[in-house]
Amino acid sequence: MSRHRMKTVSYDDDFEDDDGYDSPDPEEQEFLEQCTKDVLGQLRSGEPSVTATRDEVQEALWHYYNDVEKSANYLRGKKAKEIQKKQTPATAKPKVLAYPIPSPTTSPQIAHFSASEFFRDSPWLNVPSHRKADILVEPLYPRMGLLGGAPESSGKVSKLAALAAARKKKEGEKPPVEATPAVATPSADKTPETPATEAKPSSLSLRERLAANDKPRKPSNGISTLRSLGKGSPAPSPLLKKPTPEPMKPEAPTEPGLEGPAENGQADHKEKEEPEVNIRAPPSGFASTIVGDSTRPTMTEPSHLHSNTADLIRIYGQDLTEPFDFAGPSPDDVVVNAQSSAKGFKSKQPAAKSAGGKKAQGDLAGGMGDLSVAEKVNVKSKNLDVLSEYKKSNRKKSANFVVIGHVDAGKSTLMGRLLADLKAVDQRTLEKYKREAEKIGKGSFALAWVLDQGTEERARGVTIDIATNKFETENTAFTIVDAPGHRDFVPNMIAGASQADFAVLVIDSSTGKFESGLKGQTKEHALLVRSMGVQKIIVAVNKMDSVQWDKERFDEIEQQVSSFLTTAGFQPKNIAFVPCSGIQGDNITRRSEDPNVSWYTGRTLVDELETSEPYSHALDKPLRMTIADVFRGSVQNPLSISGRIEAGSLQVGDELLTMPSGEKATIRSLEVDADVSDWAVAGQNVVLNLANIDPVHLRSGDVICHSSSSPIKNITSFTTKVLAFEHLMPSMVDIHRGRLHVPGRISKLVATLDKGSGAPVKKKPKIVAPGSVARIVVEVNQGVPLEAPTRVVLRAGGETVAAGLLE
Amino acid sequence: MRLIKNKVELNGSGTVTLCPEEPEDMWHAYNLIRPGDLLRASAIRKVTTTQDTGSTISSRVHLNLEIRVKNLDFDPQSSQLHVGGQIVNETPHTKIGQHHTLDLELNRNFTLEKEIGADGEGVGWDSIAVQMLKDAVDEGGNRRAEAVAVVMQEGIAHICFIGQFQTILKQKVEMSVPRKRMGGSEHDKGMSKFYQTTLDTLLRQLDFNTSITSMTSSEGVRPVLLASPGFVATSFQKHIQTVATNSPGLKRLLPSIVVVHSASGYLHSLSEVLQSPAVKTILADTKYARETKLMDDFLEQLRKETNKATYGPREVESAVDQGAVGRGGGVLIISNRLFRSQDVAERKRWVSLVDRVRDIEGGDVRVLSSDHESGTRLDGLGGIAALCTFPIPDEDFSDEE
């Protein structure tokens, strides 16, 4: 509940009691009339005989729930005191003081009574507008200005208020008996304040506001019904009393000693009861007016209004301690503070302090909780909503592509050229490579050395393992995965292809090489990437310079390769051909200037790469990441793993589960594309620096997942629907999934399936012919982390025998 | 294994006394001894006697115990055979019916008795058992074609001993080798560490004496096959050479190293290793090589889809029934795993099938060792396969299972 609304309510309630008197219930009215008469009669006949106005009586009756006896007693006592007071040389000021302390209820009673007199008709029209204006507006606005700095209303603290706060603080330490006067003063304090807050949001005239206040009168209706209920029972039950805003005041005279504590206790309760305090306010404002009125009946209205103002000021001057004591640590403020910790209530020092204290406590508790999370290395999770963070972050679209092709087709050189031309590699390094390459007589390999970093790779001039590198164009951040072409390293190539969104197939166009490549890894690689879910393929027809950019040669290759690729399952629209030369750099980043190439008008390789569309990844699925590498990152990060997140998201501090070892680890920090980050999502290449795990439990090919949300299971047998590349029969196979490479065996050929419909054609075949689709059961000796739907590749004897999808 | 005494009756019952001489003989014994047989061997038994006063004295006594075999436990890694059963002979220290587990030991005779009961509930010395005995005793004398193979790939190495009848995986070396990274030399470091670990393990398994004095010893070194995809094996060989420069004892090993190609670093790539010409010259006509060849022929037939090759128990039996596994090229390939069946009826089924093919149909029967790579391949096919003399129609055995 906002402060503002509370104020509004309290403002409403100011007038509500007036309303209550006029509640248009004829029965009630009649009954009230009856009771009034009885009370008046009793008063007159009783000893000492006093007179009371009708309204006074009705007021009393209302408070006593129409208990004639009590009302009469109360009124008699009150009148008797008044008579005594009149004889003392009382000014308005002592009156006001007297009203809270010795018989706090006396003056509010009157005030209430007279206030209601004034207000009774105000919402009900028929009242000359000047009356309201004179009485309400004039005194209220000045007060508002005067007390606008009151701590309750947000904004600057007026000097007066500050002083008041200081005193109140001092007084707050005094014994609670002292608190009794609070009843009156807070009311005085709040009277002006309510309009103040009211005034802020709208510039309506008070009258309009009053009229408006009539509308949200629902609470008052409720109260009136309550009252009517209470009317039935002669002895008003405290339960019924409580919800009504008023009962506090009549209660006061009967048990004056209790009033203060009760008041405080109630105020402490919660915001719901808070209105009471405010409700009391307006009558008290008017009360003082009326007190003056009753004590000096001869006074003209303006004059008593003035004196009234003065009274209020004086009240502030003397009793300010109490109001602040009440207003300062008011429980509703505490609640509001706690609820909406957004806005600081500077004006309310103590409240702010208490709220601050609370917060500090909360932090401490949170800190303790965090401490208990990790045992060895404590990594505090920021508990980010990674997905929303990801949406917020405006990263360049990124794409991974794998470079595939037969051995010596020039994959690494082509990519080296691409990186060199895009300035992803500096010139000095390139020249160094060139010198070194020439030294060992492999000058033409200089560009490939950008990616072939291994000593063995350089010495032999062949890529062994995948190499990743990054470059950026205007729109996209690309990650190159350069795969080895040699048949022995197809497992590494599979690891690379599993990280790719699309593929670049490099073909050696020189005589004889293309033909041998097509039989060799050109074909195998293309089939592999397709069966691993790659849709789009760019065919770079390399070494075109060696055939003098012969268009016919290019056309021949294009025709053969495209027919092969379409049978492999690539859609024609997803196949693009680019004639190029890696060693010279034609048609890679720049268009070839060779006159022989004039026939080619298509895109260069980079332009073709740019046409790739962004790839969506399963961000909201449970985390899955295959470890590509386990290494020692640095002294600070003695254990790091790298890989591409396949699904889900992670953040610093997450507890991970590595499978198949089943060990837990904590992310100490992480890097996304070599930049430190707090989180990462599927599709990103990350390096995770881990803590709380022994490196023995981590191997490349293991799967990382969250221990909390659906971790992956280790399985020893799985059914898969495969496309056979070779004859399949129960036999030993190598199972590849990304970096995961485990031995296993085909234990059962369940059925051969129809390619189109997937319906079983032949159950329990003895052998599955190449090119057909079959459902098979594969067993592994040790549990491997695999789950459906995962794409696996089965190899045997150095050849890919099948690729399929787990079921 | 030496045959000490042979008293096999015509009907198949009888006793044989054997002396195992090398670890592989244990494997033969494992194949020969069946549950239900009587085995007599020396044993050490802890005997506890209670005195009249109630105190107990326990002592270890040497006994010759005869047990009726209940179960066998063979540990291929250490070539140890434990045979459990109930004692049938009375001794001063044991009672009939007590249980005992005999540990067969090298160079200690044991006597095996197989009986055929009055109603033929035992299997006795059937043709397979006799054949196995012949294999075990090694009448041909063409033994000792042994080799050590290291099948490796980045981070994984399998060290195995290839014997006549079995391939024993001695040890697996597995290390996490960092992959190549931009500007890092972690990979090279990791690899050389991996090579060193593999070499240490290999030498330990070979019981190789690397001291300088061993240079003069005439002790032969078994051929060591290094197999890997790519360049791992070559690099490992280089590594050994580098180490040998500092440790002259190791030089003795160098000449016996053969580097061959394999498709992967897992054990099932051994078939490729053993098919390679370089290895064939070393392990000329080993049983292993023959078996591997046979399996390849069979798979080739299967691939051709001529229906002249079939596998699986039901299919093969059906083929035999049709007379397809007979003279003129019919070959029954059967894994000796099937004969190790605990179930007597099961064993009888296979033995009768073998006898039938060999004696009645006139086909060839090859019993493959399940502990060899070719046998593992055959086991994958159900342990039994057949090459037929004529194409047999495909039959639907889908009701099976």
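Me: How many bridges join β2(A) to strand β3 of chain A?
Reply: Six, and the two strands run antiparallel. This is a predicted model, so take everything here as computed. β3(A) covers residues 476–482.

Me: What stands opposite A467(A)?
Reply: D482(A), in β3(A).

Me: And what is the strand order in the open sheet?
Reply: β2-β3-β1-β4-β5-β6, six strands of chain A with mixed pairing. The edge strands, which pair on one side only, are β2 (467–472) and β6 (575–579) of chain A. From one strand to the next the twist averages 25°.

Me: Which strands does helix α21 of chain A touch?
Reply: Helix α21(A), residues 411–421, packs on the sheet and touches β1 (397–405), β2, β3, β4 and β5 (537–542) of chain A. Its direction makes about 155° with that of β3(A).

Me: Where does helix α24 of chain A lie?
Reply: Across β1, β3 and β4 of chain A, running at about 160° to β1(A). The helix spans residues 490–497.

Me: OK, the inside. Which residues have the most contacts in the largest nonpolar core?
Reply: F401(A), A497(A), A503(A) and A540(A). That core has 184 residues. Strand β4 of chain A, residues 502–508, supplies the largest share, six residues.

Me: What is A503(A) in contact with?
Reply: Setting aside neighbours within four places in sequence, A503(A) is in contact with F401(A), V402(A), I404(A), A497(A), V529(A), V534(A) and I537(A).

Me: Which residues does the second core include?
Reply: Among them are V148(B), I162(B), L202(B) and L225(B). This core is separate and has 38 residues.

Me: Switching to the two chains. How many residues are in contact?
Reply: 33 residues of chain A with 29 of chain B. On the chain A side, α23 (455–460), β7 (624–631), β17 (732–737) and β18 (740–753) each supply at least two residues. β7(A) gives the most, with four residues.

Me: What sort of residues are on that side of chain A?
Reply: 13 nonpolar, eight polar and twelve charged.

Me: Last topic, confidence. What is the mean pLDDT of chain A?
Reply: It is 71, and 62% of the residues of chain A reach 70 or more. Over residues 144–154 of chain A the pLDDT is below 50, though this stretch has 32 contacts in the model beyond near neighbours in sequence.

Me: And residues 270–277 of chain A, how many contacts there?
Reply: The model has 22 beyond four places in sequence, and the pLDDT stays under 50 over those residues.

Notes:
Residues are numbered from 1 along each chain as its sequence is written. Chains are lettered from A and ligands numbered from 1 in the order in which they are written. This is a predicted model: local features need pLDDT of at least 70, side-chain atom pairs count only at pLDDT 80 or more; totals for chains, interfaces and linings use all residues. Two residues are in contact if their C-beta atoms, placed from the backbone, lie within 7 Å. Ala, Val, Leu, Ile, Met, Phe, Trp, Tyr, Cys and Pro count as nonpolar, Asp, Glu, Lys and Arg as charged, and the others, Gly among them, as polar. pLDDT is the predictor's confidence in each residue, from 0 to 100. A nonpolar core is a set of buried Ala, Val, Leu, Ile, Met, Phe, Trp, Tyr and Cys residues joined through C-beta atoms within 7 Å. A residue is buried if 20 or more other C-beta atoms lie within 10 Å of its own, exposed if 12 or fewer, and partly exposed in between; C-beta atoms are placed from the backbone. Two strands pair if DSSP finds at least two bridges between them. Axes are lines fitted to C-alpha atoms, for helices over the stretch in contact, and angles run from 0 to 180 degrees between N-to-C directions.
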